[in-house]
Amino acid sequence: MAKEGGLGMSLAVDDSAGTARTISNDVTSLSWETPREVWEFTGIDKSAVERTLLLADFSVELNGAFDDATNFSHSVFRTVPSTTVARTTTIGVSGQTLAGELLYSTYSLERSDSGELTWTAEGSLADGTTPTWT
């Protein structure tokens, strides 16, 4: 396996009707986490910490340039404040994908003092299914 950069990534997010929309061109940066809870249960007879892994999670923060064309970022996220639907989110990196059902809780728009109109969307795992790379 080779070391690679993040060029040429892809991102698809379901709109509120459940149709996957590829919005890679609108996304300027993204970050995601796949953390696990850790339980420490060290007995008094030990001289080092004992741990085990518990529940898995998945969250994403997307940042992009405003695009109100049909089926692009604004049409995908504009319903975040008014709908409660899980949206399949698929991140593609070098032929591998990470997908999960996410609830998006934030769709923020910001106009900078120099004129850029950008957005941020944040999603968290919705359905209890552990996200895995394929």
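Predicted model: local features only at pLDDT ≥ 70, side-chain atom pairs only at ≥ 80, totals over all residues.
Residues are numbered from 1 along each chain as its sequence is written, and side-chain values use heavy atoms, with hydrogens and water left out.

Let us start with the fold. The protein has nine strands and one helix, where helices (H or I, at least four residues) and strands (E, at least two) are DSSP runs numbered from the N terminus.

Next, the overall dimensions. The radius of gyration of the protein is 18 Å, whereas a compact globule of 134 residues would have one near 14 Å; the radius is taken over C-alpha atoms, and the globule rule is 2.2 Å times the number of residues to the power 0.38. Along the principal axes, the C-alpha atoms fill a box of roughly 65 × 40 × 35 Å.

As for charge, the protein carries 8 positive and 19 negative charges, and their mean positions are 3 Å apart. In this count Lys and Arg are positive and Asp and Glu negative, while His and the chain ends are not counted; each charge is placed at NZ of Lys, CZ of Arg, CG of Asp or CD of Glu.

Now to the interior. In soluble globular proteins, nonpolar side chains tend to be buried together. The largest nonpolar core of this model has 18 residues, and those touching the most other members are Leu11, Val13, Ile23, Leu62, Phe77, Tyr104 and Trp119. Such a core is a set of buried Ala, Val, Leu, Ile, Met, Phe, Trp, Tyr and Cys residues joined through side-chain atoms within 4.5 Å. Two or more residues each come from β1 (10-14), β6 (59-65), α1 (73-77), β8 (96-111) and β9 (117-125). The greatest share is that of β8, with four residues.

Contacts, meaning heavy atoms within 4.5 Å, show how parts of the chain come together. Among contacts between residues at least 6 apart in sequence, 57% join residues at least 24 apart. Take isoleucine 23: beyond its neighbours within four places in sequence, its contacts are Leu11, Val13, Asn71, Phe72, Ser73, Val76 and Phe77.

Leucine 98 lies in β8 and is buried, because its relative accessible area is 0%. Leucine 102 is also placed in β8, and its 0% relative accessibility means that leucine 102 counts as buried. Setting aside neighbours within four places in sequence, leucine 102 is in contact with Phe58, Val60, Val85, Ala86, Arg87, Thr89, Gly123, Ser124, Leu125 and Ala126.

Asparagine 71, in the loop between β6 and α1, has a phi near 70°, a positive value in a residue other than glycine. Asparagine 71 counts as partly exposed because its relative accessibility is 32%. Serine 94, in the loop between β7 (86-93) and β8, has a positive phi too, near 50°. With 44% relative accessibility, serine 94 counts as partly exposed.

Threonine 19 sits in the loop between β1 and β2 (20-22) and is in contact with Val13 and Asp14, leaving aside its neighbours within four places in sequence. The C-alpha atoms of threonine 19 and valine 76 are separated by 9.3 Å, although the two are 57 residues apart along the chain. Glycine 5 belongs to the segment before β1 and is exposed, because its relative accessible area is 56%.

Methods. Buried < 20%, exposed > 50% of the residue type's maximum accessible area, 1.4 Å probe, protein only.
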